[in-house]
Amino acid sequence: MNKSCKLCWGISTLLLLVILAAGFVFVKGGKTHARADGRLAVLLTPAERVRVLGEMRTFLETVQTITEAIAENDMDTITKSASAVGMSLVKTENPAFMAKLPVELKKMGFATHQAFDDIAQAASVTENPTELVADLGNLMLNCTTCHASYRFDVEGSKNN
Amino acid sequence: MKTTLMKNRSLNTLAFSLALATSIASASQGNSQDLRTPIFVTADERVALLAEMRHFLETVQEISAAATENDMETVSQTASAVGMKLARTTPPALLKKFPASFSEMAASTHVSFDELSLSASVSDDPLEIVAELSDIMLICTACHGSYRFEVE
C-alpha cells in the first residue's frame, strides 16, 4: 500500500468517524435540565425557541381547524389542514436544532407529524366524521404527554 | 335566558378574539422575534398559569376521546371541572396583572366549558360537542397568538 493510499484510508476513516459521531448526536439529542415544575428543559437559542413555539401554535390552530371541519363534515379541509403539518413539515427542520432535542421528544414529534398524515389519509377515504374525532383524540395524547414532560428554555432567561 | 346571555357574551368575545389573533398572528409570521404581548407575572404564577393551560389541553383531549365514545357523562364532568368554578380560584393579585382583553378571553373560555358541560348533559350528538369544542379552541388559538407570560 503506497503512501497516498494510506492517506486516503486515513481521511476516509476520519470522515466516517465524524459522520458516525454526528449521527449519534442527532439521534441521541442534547442534554435536558430538570426544572422545579417537574418538566425537563431543552435549552435553545432565543430564535429557535420562538420558532418552535410558533410551530406548536400552528399545531393548535390545525387541531382547531380540523375539529371545526369535522363538525361541518368538510373532509377536504381536514385532509389539506392535516397534511400541511404532516411529515413534509419535518423536512424543513434545521439539523442543528434537531440535534438539541432528546430522543423521546423527537419520537413524539415524529409520531405527531405522522399522525396528522394518517388523519389526512383517513379523511380522504372515510365519510364518518366521528372516526376522525377518535384519531384526533389519540393524536392529542402526544401533545399532552409532550407538554407535561418537556419545556423549551433559553439559557439565562428569567423564565427558567 | 341566562344561557342565551352567556352565549351572546361568548360570541362577542370570540369575534373580538379572532380579529385580534388574525392581526397579531399575521404580524408574527416569519419573525425570529416573539411579537406577542408579554404579561409579567412572578415565577410561581407563571408555573401555575402554564400548568392551567396544560390542564385545558388535557381537557380538550379527554372531551374529544369521550365524545367519540358518546360518553356524555365524562364530557360533562370534564368540561365542568375547568368551568367558572376553576376561574374563581385565581388569586385577585394575579387577576390584576392581566390585560382586559386577556381577562375577557379567559372568562369566555371558562364560561364556554360550562356551556359545553350543559350541552353534554342534554345532547346525545357527539358532533354538536365537537362543534362547541372547536369554538372554544378558537379562543385558545387567539389567546396563544396574542400573549405570552414572562417572569417580572
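This is a predicted model: local features need pLDDT of at least 70, side-chain atom pairs count only at pLDDT 80 or more; totals for chains, interfaces and linings use all residues.
Biologist: How much area do chain B and chain A bury between them?
Modeller: About 2600 Å², with 69% of it on carbon and sulfur atoms. Buried area here is the accessible area (1.4 Å probe) that two parts lose on being put together, summed over both.

Biologist: Which residues of chain B lose the most area to chain A?
Modeller: B:Arg54, B:Leu57 and B:Gln61. Together they make up 21% of what the chain B side buries.

Biologist: New topic. What is the secondary structure of chain A?
Modeller: Seven helices and three strands. Helices (H or I, at least four residues) and strands (E, at least two) are DSSP runs, numbered from the N terminus. The order from the N terminus is α-β-β-α-α-α-α-α-α-β.

Biologist: Why is chain A called more spread out than a compact globule?
Modeller: Because its radius of gyration is 20 Å, well over the 15 Å that the globule rule gives for 160 residues. The radius is taken over C-alpha atoms, and the rule is 2.2 Å times the number of residues to the power 0.38. The C-alpha trace of chain A spans about 70 × 45 × 20 Å along its principal axes.

Biologist: What about chain B, which elements does it have?
Modeller: Seven helices and two strands. They run α-β-α-α-α-α-α-α-β from the N terminus.

Biologist: How many residues count as buried there?
Modeller: In chain B, 47% of the 152 residues. In chain A, 39% of the 160. Buried means under 20% relative accessible area (1.4 Å probe, protein chains only), exposed over 50%, partly exposed in between.

Biologist: What share of the contacts in chain B with a separation of 6 or more comes from residues 24 or more positions apart?
Modeller: 84% in chain B. For chain A, that share is 75%.

How values were computed. Residues are numbered from 1 along each chain as its sequence is written. Chains are lettered from A and ligands numbered from 1 in the order in which they are written. Side-chain values use heavy atoms; hydrogens and water are left out. Contact means heavy atoms within 4.5 Å.
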